Amino acid sequence: QVWRNHMYRPDAPPLKIVVEDGSHLSKHMVHTVFFWFPRIEPGGMLIIEDIQPIKEANLFRTQFLPQIMSDMHFCGDPSQEKDEACFPQLYPLLQSIHCEMHICVLERNQEPAIWNLTLEESLPPPNALDLRQCHSFAKAFGLGMNDV
């Protein structure tokens with residue numbers, strides 16, 4: 001509601017840089033990525049702070065980041081067996097990922113920003129904080145759905 005009623009203006013250009021400096025909870029960080037990344041201007045950046053090894057952020061570091069980094073190398077060759085990126089809603093927009101110390105920067109490619117996503121379309125998928133649920137990742141790294 002805050003987005004639609006107070007922040008979003010149809011005549012405003014997309015944001016160039018978004019800095020996530022909120023809660024250190026993995027769930028909140030993932031929600032930020034899925035909400036803001038599609039809405040950022042082409043060539044823009046999403047900066048996620050405080051991903052240090054603390055209990056609250058561990059799932060973001062150990063479950064979400066490996067999946068999105070795997071998507072950076074996703075080929076999706078249709079002549080091979082059926083495969084799909086872990087985050088098909090983010091993969092087509094992703095130019096690069098840079099992580100150092102306690103910060104990650106996700107850079108947008110030149111695809112247009114997607115402003116008209118509904119709140120439901122902006123939610124993270126079930127696998128966002130459980131890499132075993134991404135079949136491509138689990139298969140590539142030898143993780144069965146029941147492993148770990």
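Biologist: Which residues form a nonpolar patch on the surface?

Modeller: This is a predicted model, and in it the nonpolar patch consists of I17, V19 and M45. Together they have about 240 Å² of accessible area.

Biologist: How many helices and strands does the protein have, and in what order do the elements run?

Modeller: There are four helices and four strands. Read from the N terminus, the order is α-β-α-β-α-β-β-α.

Biologist: What part of the protein is buried, and how is the accessible surface made up?

Modeller: A residue is buried when its relative accessible area is under 20%. Of the 148 residues in this protein, 39% are buried. The accessible surface comes to about 8800 Å², and carbon and sulfur atoms account for 56% of that surface.

Biologist: Is helix α2 mostly covered or mostly open?

Modeller: Helix α2, residues 26-36, is mostly covered, with eight of its 11 residues buried. Among them are M29, V30, V33 and W36. Beyond its neighbours within four places in sequence, T32 is in contact with E20, F37 and L46.

Biologist: At what angle do α2 and α3 pack?

Modeller: The angle between α2 and helix α3, residues 58-72, is about 50°, and the axes are 8 Å apart. That makes α2 oblique to α3. On the α2 side the meeting residues are S26, M29, V30, V33 and F34, and on the α3 side they are N58, L59, F60 and F64.

Biologist: How many salt bridges does a search of the whole structure find?

Modeller: The search finds two. One joins the side chains of E41 and K16, at 3.5 Å from N to O. E41 lies in strand β2 and K16 in strand β1, so this pair ties together parts that are 25 residues apart in sequence. E41 is partly exposed at 23% relative accessible area, and K16 is also partly exposed, at 42%.

Biologist: Which side chains meet in the salt bridge at 3.1 Å?

Modeller: Those of R132 and D130, with the distance again taken from N to O. R132 is partly exposed at 26% relative accessibility, whereas D130 is buried at 15%.

Biologist: Which contacts join residues at least 24 apart in sequence, as a share of those at least 6 apart?

Modeller: Contacts between residues at least 24 apart make up 70% of those between residues at least 6 apart.

Biologist: What is phi of D50, and where is the place of D50?

Modeller: Phi of D50 is near 60°, a positive value in a residue other than glycine. D50 sits in the loop between β2, residues 40-48, and α3. With a relative accessible area of 19%, D50 is buried.

Biologist: What is phi of M101, and is M101 buried or exposed?

Modeller: Phi of M101 is near 55°, again positive in a residue other than glycine. M101 belongs to the loop between β3, residues 94-100, and β4, residues 103-108. A residue counts as exposed over 50% relative accessible area. M101 has 69% and is exposed.

Methods: Residues numbered from 1 in each chain as written. Predicted model: local features only at pLDDT ≥ 70, side-chain atom pairs only at ≥ 80, totals over all residues. Heavy atoms only, no water. Helix = DSSP H or I, 4+ residues; strand = E, 2+ residues; numbered from the N terminus. Buried < 20%, exposed > 50% of the residue type's maximum accessible area, 1.4 Å probe, protein only. Contact = heavy atoms within 4.5 Å. Areas by Shrake-Rupley, 256 points an atom, 1.4 Å probe, with all protein chains shown as cover. Patch = residues over 30% accessible without salt bridge, like charges linked within 9 Å, V, L, I, M, F, W, Y side chains within 5 Å. Salt bridge = Lys/Arg side-chain N within 4 Å of Asp/Glu carboxyl O. Axes fitted to C-alpha atoms, helices over the stretch in contact; angles between N-to-C directions. Parallel < 35°, antiparallel > 145°, perpendicular 65-115°, else oblique.
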